[in-house]
Amino acid sequence: MHETLNLTKTTPGAPLTLEKIKGVLVKEVLSRPTLCIGDLAAMLGVGPRTLSAVLKREGGGNFCTFISDLRLAEAERLLRLRRYARFSAEQIGLMVGFASRQSFYPHFKKKYGCTPIEYRKRNLKNNQESEDADF
């Protein structure tokens with residue numbers, strides 16, 4: 001059975017923007033490896049073509065690139081935080097929605113120029129970031 005999530009309190013007629021789209025992609029949604037454009041479009045109350053056009057116009061890419069970039073940015077942020085040091089890099093990849101280590105590591109290395117483990121070793125913060133900033 002397909003799960004319908006109503007995560008937004010949108011204003012009818014309000015323009016669809018990247019910020020509005022990102023606002024819907026909360027942890028429970030972004031972390032689903034099976035998230036598709038139709039699911040997100042339904043949550044936003046628009047059609048998949050409309051969502052695709054907004055992503056292309058405002059973000060310059062397609063849905064898959066948009067989601068992958070958000071997941072990579074969140075993984076990168078978590079790898080820098082000491083409170084996530086107990087999680088392996090692979091676990092962090094899974095937490096942010098990559099389906100496997102094999103899908104996470106190559107994407108991460110392409111974007112950041114190193115593996116997630118190398119990135120963590122170089123960038124792990126000694127200080128705790130605010131809990132409010134959690135994904």
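Reader: Which residue forms a salt bridge with R77?

Author: This is a predicted model, in which local features need pLDDT of at least 70, side-chain atom pairs count only at pLDDT 80 or more, and totals for chains, interfaces and linings use all residues. Residues are numbered from 1 along each chain as its sequence is written, and side-chain values use heavy atoms, with hydrogens and water left out. A salt bridge here is a side-chain nitrogen of Lys or Arg within 4 Å of a carboxyl oxygen of Asp or Glu. The closest N and O atoms of the pair are 2.8 Å apart, and the partner of R77 is E74.

Reader: Is E74 buried or exposed?

Author: Buried means under 20% relative accessible area and exposed over 50%, with partly exposed in between (1.4 Å probe, protein chains only). The relative accessibility of E74 is 10%, so E74 counts as buried.

Reader: What is the separation of R77 and E74 in helix 5?

Author: Helices are DSSP runs of H or I with at least four residues, numbered from the N terminus. R77 and E74 are three residues apart in helix 5, which means a separation of about one helical turn.

Reader: How many residues apart in sequence are the parts that D69 and K111 tie together?

Author: D69 and K111 form a salt bridge, with 3.9 Å between the closest N and O atoms. Because D69 lies in helix 5 and K111 in helix 7, the pair ties together parts that are apart in sequence by 42 residues.

Reader: How many salt bridges are there by this rule?

Author: One of them joins the side chains of D39 and R32 at 3.9 Å, N to O. Both D39 and R32 are buried. By the rule, the count of salt bridges is five.

Reader: How far apart are the end C-alpha atoms of helix 7?

Author: The expected span of a helix is 1.5 Å times one less than its number of residues. Helix 7 has 12 residues (101-112), so it should span 16 Å; the distance between its end C-alpha atoms agrees, at 16 Å.

Reader: Within what arc do the buried residues of helix 7 fall?

Author: The buried residues in helix 7 include F104, Y105 and F108. Seen down the helix axis, the buried residues line one face, because they fall within an arc (taken from the directions from the axis to the C-beta atoms) of 90°.

Reader: Which exposed residues does the face of helix 7 turned away from its buried side carry?

Author: On the buried side, the covering elements include helix 5 (63-80), helix 6 (89-95) and helix 8 (116-123). The face turned away from that side carries the exposed residues Q102 and K110.

How values were computed: Helices (H or I, at least four residues) and strands (E, at least two) are DSSP runs, numbered from the N terminus. Contact means heavy atoms within 4.5 Å.
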